[in-house]
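Today I am opening my notebook on a new protein model. I will jot down what I look up, one topic at a time.

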Amino acid sequence: MRPILLPDPPSLSTGVPEIFEQGGSQNVVRRAVVIGNGFPGSENQSIGLARALGLAGNHLLYRVTRPKGGIHEWLHWLPVGLHKKLDFILRHIYLYSRLMLGSRQSKYIASVPSENVGLSSILEADVKSIVSMARDTFEKDGPLVVIACGRDTVSIASSIRRLASDNVFVVQIQHPRSHLNRFDMVITPRHDYYPLSLEAQEQVPRFMRRWITPREPPQDHVVLTTGALHGIDYATLRKSASAWHDEFASLPKPLVVVNIGWPRRNCRYGADLAKQLTDALLSVLGSCGSVRIALSYRTPEKVSRVIFKELGDNPKVFIWNGQEPNPYMGHLAWGDAFVVTADSVSLISEACSTGKPVYVIGADHCKWKIADFHKSLRERGVVRSFTGLEDMSESWSYPPLNDTAEAAMRVRSALAARGWSLRS
């Protein structure tokens, strides 16, 4: 297969010392705060944007954490603030019951854990502390870029902007499903606006339309992307190619990488898709040098069971067992072609950032905005359906998805309009 030549990433520096910048060093952005929710798919988007802004080595990661264990596993649909207040009440009821009843506890109370598992080592996202930092260090360290992603981060990010609007620039990734003017910039996939399309309007009953967001076209400070943001670029691929050289360089070519996600609300599947995938892979093995399969930690057992049963003993196939180190970056750097299940916008977006052939399986199981995402990629020639009839040694390419870099350029422009500039 024809190798893909990756150009060097653009330089982030203008060569002008900060002291000569208009307005002085107070108008130079040197740092960022990333607000995550504990899910890699969300946090990687924020960290990827920080990296594209040249702030990879100077950002702090905060997390919005929820109570875990027992009854709390059923309460994640609540707003995070309300969930924490309810946890406070339940915890006091639990302690009071222990005092009053001794060792006797009701079944309900016993379901409340005695502690929040995993919270002790996490830097909790606290609005007051972040606002104080932004204000108190503004004269010395300049403005602060706040990047948040995920539903649980919305209230935190919007509160920081409300309380420290002169000291921060707040970016919310993914549509917040609330008033967009609470943020300086919103970066979200174009398919999030699928409910406004004529096709969607025909599918949704009129009485339900007021409950589906968004209900208005994107405003000027909304940046629309094709897929998800991430931290994959030319520099990281080259670094990963070097780091994984010993394991991948000697593998027979072409190397086909298969990334398997997990069913979601708008893309449901089970063992049927797993069987379709294995049958298709067995059909194309003749044109493959080697195949490496990676399952997500959330891939259902009924899916993984089929994968191992059908392909586990094949000498051309390696199935990653989930143990560290995770070869994901090695796969992206060394893979010649990718097969990805249709459920994951992030996995597909990252594969499409390489410019190498990307095949998708299971798109017919998706609906609504995820189906719209796949339609947009097919129309751009970025992905093809995986049927089992392909010659995997065939090389084809396309302009790689570059959403993160393009979003970073929009952030830079917005900062410049405010009189701020970015320096790494």
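Before placing anything in the chain, I note that helices (H or I, at least four residues) and strands (E, at least two) are DSSP runs, numbered from the N terminus. This is a predicted model, where local features need pLDDT of at least 70 and side-chain atom pairs count only at pLDDT 80 or more, while totals for chains, interfaces and linings use all residues. Residues are numbered from 1 along each chain as its sequence is written, and side-chain values use heavy atoms, with hydrogens and water left out.

**Overview**

I looked up the totals: the protein has 15 helices and 14 strands. Of its 424 residues, 48% count as buried; buried means under 20% relative accessible area, exposed over 50%, and partly exposed in between (1.4 Å probe, protein chains only). The accessible surface comes to about 21600 Å², with 55% of it belonging to carbon and sulfur atoms; areas come from the Shrake-Rupley method with a 1.4 Å probe, and for residues only the protein chains shown count as cover. Among contacts (heavy atoms within 4.5 Å) with a separation of 6 or more, 74% join residues 24 or more positions apart.

**Confidence**

I checked pLDDT, the predictor's confidence in each residue from 0 to 100. The average is 85, and 80% of the residues score at least 70. Residues 1-22 stay under 50, and the model has 38 contacts beyond four places in sequence for them. Residues 103-122 are also below 50, with 32 contacts beyond near neighbours in sequence. Where pLDDT is low, the predicted coordinates should not be read in detail.

**Surface patch**

I found a nonpolar patch on the surface formed by F207, M208 and W211, with about 420 Å² of accessible area together. Patch members have over 30% relative accessible area and no salt bridge; like charges are joined within 9 Å, and nonpolar side chains (Val, Leu, Ile, Met, Phe, Trp, Tyr) within 5 Å. A salt bridge here is a side-chain nitrogen of Lys or Arg within 4 Å of a carboxyl oxygen of Asp or Glu. M208 sits in the loop between α7 (198-203) and β7 (222-225), and its relative accessible area is 36%, so M208 is partly exposed.

**Aromatic pairs**

I searched the whole structure and got six aromatic pairs. Rings of Phe, Tyr and Trp (its six-membered ring) pair if their centres lie within 6.5 Å; planes under 30 degrees apart count as stacked, over 60 as edge-to-face and the rest as tilted. Y359 and W396 pair edge-to-face, at 5.6 Å centre to centre and 85° between the planes. Y359 is in strand β12 (residues 358-361), and W396, 37 residues away, is in the loop between β13 (384-385) and α15 (403-418). Both Y359 and W396 are buried. Y359, F386, W396 and Y398 form one aromatic cluster.

**Loop between α9 and β8**

I looked at P252, in the loop between α9 (245-248) and β8 (255-260). Which residues does P252 contact, leaving aside neighbours within four places in sequence? They are G289 and S290. P252 and G289 are 4.5 Å apart, C-alpha to C-alpha. P254 is in that loop between α9 and β8 too, and the peptide bond from K253 to P254 is cis, with omega near 0°.

**N266 and W368**

I noted that N266 is buried because its relative accessible area is 16%. Its contacts include W368. W368 lies in helix α14 (residues 368-379) and has a positive phi of about 55° although it is not a glycine.
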